[in-house]
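Let's take a friendly walk through this model, looking at charged pairs and then at a pair of strands. Keep the structure open beside you as you read.

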Amino acid sequence: LELYGEVMTKIQTHYVQDPNWDELLRRGTDSLRIALHDPAFAKVHGLEGRDEQMDPLLKYIEGILADRHVQDQRQSQDLVRWVGRLVGNRLQVNPSAVVLEYTCGATSALDAYSTFLTADQLDEVYSQIEGNFVGLGIEIKSAEGTLLIVRVIPNSPAEMAGLNQGD
């Protein structure tokens with residue numbers, strides 16, 4: 001919940017437009033709905049075959065949020081706390097996972113270019129920007145319209161396949 005509050009503070013302080021708190025919450029609920037129906041999320045949280053519990057709960061949450069006009073970050077955070085506890089109690093899903101879905105949904109609602117990235121996702125983005133492909137065991141860069149191997153990592157699949165620096 002602290003992370004959600006921190007991200008919402010940054011949105012309120014640094015985003016170009018005043019946030020539409022109702023829309024950020026709605027998108028958070030959309031993100032939660034997608035997560036609850038995602039097979040990998042369902043498996044981790046023991047939700048397989050529990051759609052009959054999830055859908056009415058999501059409708060209830062949507063109804064409560066639709067009746068509110070969220071004015072500020074504090075109200076938004078209070079409602080996300082409430083949803084986290086409710087989903088935690090009813091579905092035994094860790095409230096932190098619920099809050100993270102609301103964080104991701106809210107940031108994605110800002111514009112086509114904003115999103116929340118976990119530390120691993122951010123590392124992957126930096127890796128792609130820098131041209132690192134760890135799974136292959138090579139570092140590459142773009143050079144004159146082609147890709148050039150800058151480095152082959154010792155004992156990597158690339159080295160075993162015979163790739164060399166400069167290829």
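## Ground rules

A salt bridge here is a side-chain nitrogen of Lys or Arg within 4 Å of a carboxyl oxygen of Asp or Glu. This is a predicted model, in which local features need pLDDT of at least 70 and side-chain atom pairs count only at pLDDT 80 or more, while totals for chains, interfaces and linings use all residues. Residues are numbered from 1 along each chain as its sequence is written, and side-chain values use heavy atoms, with hydrogens and water left out.

Side chains of opposite charge can pair when their charged atoms come close. Searching the whole structure turns up seven salt bridges. One of them links Glu23 to Arg26, with 2.8 Å between the closest N and O atoms. Both residues sit in helix α2 (residues 21-37), three residues apart, or about one turn of the helix. Helices (H or I, at least four residues) and strands (E, at least two) are DSSP runs, numbered from the N terminus.

Arg26 also forms a salt bridge with Asp30, and here the closest N and O atoms are 2.7 Å apart. This pair lies in helix α2 too, with a spacing of four residues, about one turn of the helix. How accessible are these side chains? On the scale used, buried means under 20% relative accessible area, exposed means over 50%, and partly exposed falls in between (1.4 Å probe, protein chains only). Glu23 is partly exposed at 26%, Arg26 is partly exposed at 41%, and Asp30 is partly exposed at 26%.

Helix α5 (residues 73-91) holds Arg81 and Asp78 three residues apart, so about one helical turn separates them. They form a salt bridge whose closest N and O atoms are 2.9 Å apart. Arg81 is partly exposed, with 29% relative accessibility, and Asp78 is partly exposed as well, at 33%.

Now for the strands: two of them pair if DSSP finds at least two bridges between them. Strand β2 (residues 138-143) and strand β3 (residues 146-152) pair in the antiparallel sense, over six bridges. Which residue in β3 is the bridge partner of Lys141? The partner is Leu148.

Together β2 and β3 form a hairpin with two residues between them. In the turn, Glu144 has a positive phi of about 50°.
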